[in-house]
Amino acid sequence: MEKAIKECTTHDIYVSTAVAMNVLGTSYPPSAGAFGEDSMTVMRGVVHFLQTGGYPLFINVYPYFAYANNPAEIRLDYALFNTTDTVVQDGDLQYNNLFYAMVDSVIWAVEKAEGPDVEIVVSETGWPSAGNGDITTVEHARMYVNNLITTQMKSGTPKRPQHAMKTHIFAMYNENLKPEGVERNFGIYRPDLSESISRKLA
């Protein structure tokens, strides 16, 4: 396997992996971000490989799920990029959106795992337009996508403000073959190519 990886990378084919936020054991405040005991051994190996080869770590970041699982303690406007208030003060760093707080918690965890130069790429993020009552509306999905685009055009995260971060929106289409619920409603478009959330690409 290691030989195959080396052969691939000599031909500009890069190797990485994508992880979900649950690899973290601690994520709040962001500076406390650390991999959990059950993932630490594996993630240390992954981080070492990425750090040595100069490859990025891909992460799936979903403020929707964080909010939906804890609406009593997480503000909806904070999850939707819809406030300019400092909601979380973490030392000298100020956070007015949950997305950046989640990303920075991973950056802290990666640095603690001896990966100070590992680039973070957001491989998936989005907000469902239906499937969970008033939380998942077309308006909320549209707000999240548009605010994400606007925010990402301005700067990096509070921890890495000078580093533009590649971010991928999930998903292009609603997936009507998935079971009923939020999982089928992340699309910008419906399967018939009509707009699902009428995005405004700022």
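Trainee: In this predicted model, which residues is Asn 174 in contact with, leaving aside its neighbours within four places in sequence?

Mentor: Asn 174, placed in the segment after β8 (167-169), is in contact with Arg 184, Asn 185, Phe 186, Gly 187, Tyr 189, Arg 190, Pro 191 and Ser 196. Contact here requires heavy atoms within 4.5 Å.

Trainee: Why is Asn 174 called buried?

Mentor: Its relative accessible area is 13%, and buried means under 20%; Asn 174 therefore qualifies as buried.

Trainee: What makes the approach of the Asn 174 side chain to the backbone nitrogen of Gly 187 a polar contact?

Mentor: A polar atom of that side chain lies 2.7 Å from the backbone nitrogen of Gly 187. The limit is within 3.5 Å, so the distance meets it. The backbone nitrogen of Phe 186 lies 3.5 Å from a polar atom of the Asn 174 side chain.

Trainee: Turning to helix α2, how do you know that its span is close to the expected one?

Mentor: Helix α2 (residues 37-53) has 17 residues and reaches 25 Å from first C-alpha to last, against 24 Å expected. The expected span is 1.5 Å times one less than the number of residues, so 25 Å is judged close to the expectation.

Trainee: Where does α2 bend, and which of its residues are buried?

Mentor: The bend, of about 30 degrees, is at Met 43. Met 43 is also one of the buried residues, with Ser 39, Val 47 and Leu 50. The buried residues of α2 pack against β1 (18-20), β3 (34-35), β4 (57-60) and α5 (98-112).

Notes. Residues are numbered from 1 along each chain as its sequence is written. This is a predicted model: local features need pLDDT of at least 70, side-chain atom pairs count only at pLDDT 80 or more; totals for chains, interfaces and linings use all residues. Side-chain values use heavy atoms; hydrogens and water are left out. Helices (H or I, at least four residues) and strands (E, at least two) are DSSP runs, numbered from the N terminus. Buried means under 20% relative accessible area, exposed over 50%, partly exposed in between (1.4 Å probe, protein chains only). A polar contact is a pair of N or O atoms within 3.5 Å; within protein, one must be able to donate a hydrogen and the other to accept it, and residues adjacent in sequence count only if both atoms are side-chain atoms. The bend at a residue is the angle between axes fitted to the seven residues ending there and the seven starting there.
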